[in-house]
Amino acid sequence: MTITITVFERSPDGGSGLARDTRVRWALEEVGQSYEVRGVSFDAMKEPAHLALHPFGQIPTYEEGDLALFETGAIVFHIAQRHAGLLPDDASARARAISWMFAAVNTVEPPILEFANARLLEGDRSWNKERLPLIQDRVRDRLKQLSARLGDADWLDGEFSAGDLMMVSVLLRLKASGMLDEYPNLAAYLARGEARPAYKRAFAAQQAYNTGSRAK
Ligand SMILES: N[C@@H](CCC(=O)N[C@@H](CS)C(=O)NCC(=O)O)C(=O)O
């Protein structure tokens with residue numbers, strides 16, 4: 001059955017991989033599933049046709065036959081459940097990998113998003129100078145804890161899993177800030193994620209789409 005995901009018609013990041021379709025593309029590449037892409041403009045995202053797929057008017061969405069999903073955590077989980085390669089077979093290890101997926105989107109991503117918004121969108125606000133260091137400390141708290149847990153392991157819990165895919169995807173947003181360099185094991189973790197052939201294919205596909213070098 002054909003899988004179709006929605007993506008920004010033109011991503012505001014110009015194809016640097018930060019739009020959340022990249023993590024869905026990555027999951028699909030890891031399990032060897034082909035997919036189609038439908039670009040959606042900012043206006044169209046808020047129209048009824050797209051809102052029927054995504055109640056918050058965002059990308060990405062995932063369609064497969066009668067099934068329509070939104071939220072990258074749920075989409076990646078669905079892909080991981082359907083196909084081998086992203087979740088361990090052992091029930092306890094599988095449950096732990098799923099915990100890491102939730103931790104990525106629910107515990108680590110929120111302060112990172114707050115930081116990105118403060119840096120990129122709120123720089124001209126009078127309170128920004130005072131607030132930014134507070135937010136940075138919240139991000140550092142999480143990075144310190146994550147770094148302590150990862151230690152010198154390659155991945156968060158044994159083999160690479162959907163938990164790592166989500167966590168690396170979330171950390172990527174910090175790359176340009178240089179903050180990850182304060183935690184060399186996390187910087188190396190990120191680099192390991194980016195070095196995976198499936199990630200490289202996903203990144204290249206979204207880049208080609210956003211820079212117009214895709215086949216039209
Ligand atoms: N929690 C959602 C977040 C989705 C999200 O924020 N999507 C962004 C693109 S990466 C978007 O559509 N932004 C446009 C908007 O919110 O109007 C997920 O993980 O899928």
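At what angle do helix α6 (residues 128-150) and helix α8 (residues 184-195) pack, and how far apart are their axes? All views show a predicted model.

**Figure 1. Contact of helix α6 with helix α8.** In this predicted model, α6 (residues 128-150) and α8 (residues 184-195) pack at an angle of about 75 degrees, and their axes lie 9 Å apart. Angles of 65 to 115 degrees count as roughly perpendicular, so α6 is roughly perpendicular to α8. On the α6 side, the contact is formed by L143, L146, S147 and L150. The partners from α8 are N185, L186 and Y189. By class, this contact comprises 5 nonpolar and 2 polar residues, with no charged residue.

**Figure 2. Contact of helix α8 with helix α9.** The axes of α8 and α9 come within 5 Å and cross at roughly 75 degrees. From α8, the residues G193, E194 and A195 take part, and they meet P197, Y199 and K200 of α9. The contact of α8 with α9 divides into 3 nonpolar, 1 polar and 2 charged residues.

**Figure 3. Contact of helix α1 with helix α4.** Helix α1 (residues 21-30) packs with α4 at an angle of about 5 degrees, the axes being 10 Å apart. Angles under 35 degrees count as roughly parallel, and α1 and α4 are therefore roughly parallel to each other. R23, V24, A27 and L28 are the contributors from α1. Helix α4 supplies T72, I75, V76 and I79. Sorted by class, the contact of α1 with α4 holds 6 nonpolar residues, 1 polar residue and 1 charged residue.

**Figure 4. Fold of the chain.** The chain contains 9 helices and 4 strands. Read from the N terminus, its elements follow the order β-α-β-α-α-β-β-α-α-α-α-α-α. The radius of gyration is 17 Å, close to the 17 Å that the globule rule gives for 216 residues, so the chain is as compact as a globular protein of that length. Along its principal axes, the C-alpha trace spans about 50 × 45 × 30 Å.

**Figure 5. The largest pocket.** The volume of the largest pocket is about 950 Å³. Its lining consists of 37 residues, and L18, A19, R20, L113 and R173 are those nearest the centre. Two or more lining residues come from each of α2 (42-45), α4 (72-82) and α5 (91-120). The greatest contribution is that of α5, with 12 residues. In terms of class, the lining of the largest pocket has 22 nonpolar, 7 polar and 8 charged residues.

**Figure 6. The largest cavity.** The model has 2 cavities of 30 Å³ or more. The largest cavity has a volume of about 80 Å³. Its lining is made up of G17, L18, A19, R20, T22, R23, S169, L172, R173 and Y199. These lining residues divide into 4 nonpolar, 3 polar and 3 charged.

Figure 7. A volume of about 30 Å³ is found for the second largest cavity. V7, F8, S11, A19, D21, R25, Q206, Y209 and N210 form its lining. The elements that provide two or more of these residues are β1 (3-8), α1 and α9 (197-210). Helix α9 gives the largest share, 3 residues. By class, the lining of the second largest cavity has 4 nonpolar, 3 polar and 2 charged residues.

**Figure 8. The cis peptide bond at P60.** The peptide bond from I59 to P60 is cis, with omega near 0 degrees. P60 lies in the loop between α3 (48-51) and β3 (61-64). Most peptide bonds are trans, and most residues other than glycine have a negative phi.

**Figure 9. The backbone at E71.** E71 is not a glycine, yet its phi is positive, at about 80 degrees. The residue is placed in the loop between β4 (67-70) and α4.

Key. Residues are numbered from 1 along each chain as its sequence is written. This is a predicted model: local features need pLDDT of at least 70, side-chain atom pairs count only at pLDDT 80 or more; totals for chains, interfaces and linings use all residues. Side-chain values use heavy atoms; hydrogens and water are left out. On a 1 Å grid over the protein atoms alone, a cavity is a set of points where a 1.4 Å probe fits but cannot get out, and a pocket is an open set with protein on both sides within 12 Å along at least five of seven lines; lining residues have an atom within 4 Å of a point. Grid points are joined across faces, edges and corners, and a volume is the space filled by probe spheres set on the points. Ala, Val, Leu, Ile, Met, Phe, Trp, Tyr, Cys and Pro count as nonpolar, Asp, Glu, Lys and Arg as charged, and the others, Gly among them, as polar. Axes are lines fitted to C-alpha atoms, for helices over the stretch in contact, and angles run from 0 to 180 degrees between N-to-C directions. Angles under 35 degrees count as roughly parallel, over 145 as roughly antiparallel, 65 to 115 as roughly perpendicular and the rest as oblique. Contact means heavy atoms within 4.5 Å. The radius of gyration is taken over C-alpha atoms; the globule rule is 2.2 Å times the number of residues to the power 0.38.
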